[in-house]
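Please look over the sequence and the model below, which is a predicted one.

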Amino acid sequence: VAWGVGRWGGIAGLEHGFGGRGEAVPADVTTLRQVHGRRVLDVAELRVADSPGDALVTSAPGARIGVWTADCVPVQLVAPKARVAAVLHCGWRGSAAGIAPAALEVLEARYGVFPADLEAALGPSIGGCCYEVGEEVRAAFASRVDSDLAGSGFRERDGRLFLDLRTFLLAELAALGVPIIERAGPCTACHTDILYSYRREKGGGRQLSWIGWQS
Ligand SMILES: [Zn+2]
């Protein structure tokens with residue numbers, strides 16, 4: 001696996017990874033039909049293949065859950081004591097819509113896991129170095145969260161607007177009470193030798209990020 005969180009190696013039974021370009025995909029990873037929304041599903045409740053959604057949660061031994069990305073942020077959450085894990089597909093639309101707080105709400109409602117019980121990791125994604133966006137993107141964030149948070153990750157350079165989604169998600173998760181948040185891996189668009197970048201390559205492949213508990 002291309003990237004991971006070193007400290008999570010100490011959590012018994014946890015397996016995870018942020019995949020790179022062309023990497024072999026591990027077997028039996030459940031994914032969703034990603035639609036850039038804020039729907040969170042528990043893998044134990046999935047009845048229909050190809051269900052639409054952008055985040056999966058699991059506590060089931062033997063279940064691996066994943067998201068496909070190529071510039072969007074793959075986010076993984078772990079509650080080491082409760083043994084619950086989640087994976088989120090966070091593009092700008094889903095992030096502006098609140099996919100991260102939606103996942104935290106599901107973890108609390110279904111598993112009694114609070115943000116303070118969680119650790120988060122934000123995987124390889126397009127950075128503020130490369131991700132030029134329009135004013136409508138900034139407006140979408142400002143319409144949901146207060147202005148200090150909504151401005152996180154946006155920077156203007158030479159009259160153009162750039163977004164670093166990981167900076168926003170890190171600020172949002174911290175504001176919601178997640179105490180430990182790591183970044184794993186570089187900007188996808190700067191590193192197309194090892195990562196797929198939808199923007200830089202005008203399409204192409206996607207890498208898989210996944211997490212789960214051994215059976
Ligand atoms: Zn870059």
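Q: Which residue in β5 stands opposite Val29?
A: In this predicted model, β2 and strand β5 (residues 64-69) pair in the parallel sense over 2 bridges. Within β5, the residue that stands opposite Val29 is Arg64.

Q: Which strands stand at the edges of the open sheet of 4 strands?
A: The pairing in this open sheet is mixed, and the strands follow the order β1-β13-β5-β2. Two of them have a single partner strand each, so that one side of each is left without a neighbour in the sheet. The strands at the edges are β1 (14-18) and β2 (29-30).

Q: What is the arrangement of the 4 donor atoms around the zinc ion?
A: The zinc ion is coordinated at 2.3 Å by the SG atoms of Cys129, Cys130, Cys187 and Cys190. Four donors count as tetrahedral if all angles lie between 85 and 135 degrees. Because the angles subtended here run from 103 to 114°, the arrangement is tetrahedral.

Q: How many residues apart in sequence are the parts that Cys130 and Cys190 tie together?
A: Along the chain, the donors of the zinc ion follow the spacing C-C-x56-C-x2-C. Cys130 lies in the loop between β8 (119-122) and β9 (132-133), whereas Cys190 lies in the loop between β12 (180-183) and α6 (198-201), so the pair ties together parts whose separation in sequence is 60 residues.

Q: Does Cys190 count as buried, partly exposed or exposed?
A: Buried means under 20% relative accessible area and exposed means over 50%, with partly exposed in between. Because the relative accessibility of Cys190 is 43%, this residue counts as partly exposed.

Q: Which residue of β11 is the bridge partner of Glu132?
A: β9 and strand β11 (residues 160-163) pair in the antiparallel sense over 2 bridges. On its other pairing, with strand β10 (residues 154-157), β11 is again antiparallel, over 4 bridges, and there Arg155 stands opposite Phe162. The bridge partner of Glu132 in β11 is likewise Phe162.

Methods:
Residues numbered from 1 in each chain as written. Predicted model: local features only at pLDDT ≥ 70, side-chain atom pairs only at ≥ 80, totals over all residues. Heavy atoms only, no water. Donors = N, O, S within 2.8 Å, 3.2 Å for Na, K, Ca; no water. Tetrahedral: all angles 85-135°; square planar, octahedral: opposite > 155°, others 65-115°. Buried < 20%, exposed > 50% of the residue type's maximum accessible area, 1.4 Å probe, protein only. Pairing = 2+ DSSP bridges.
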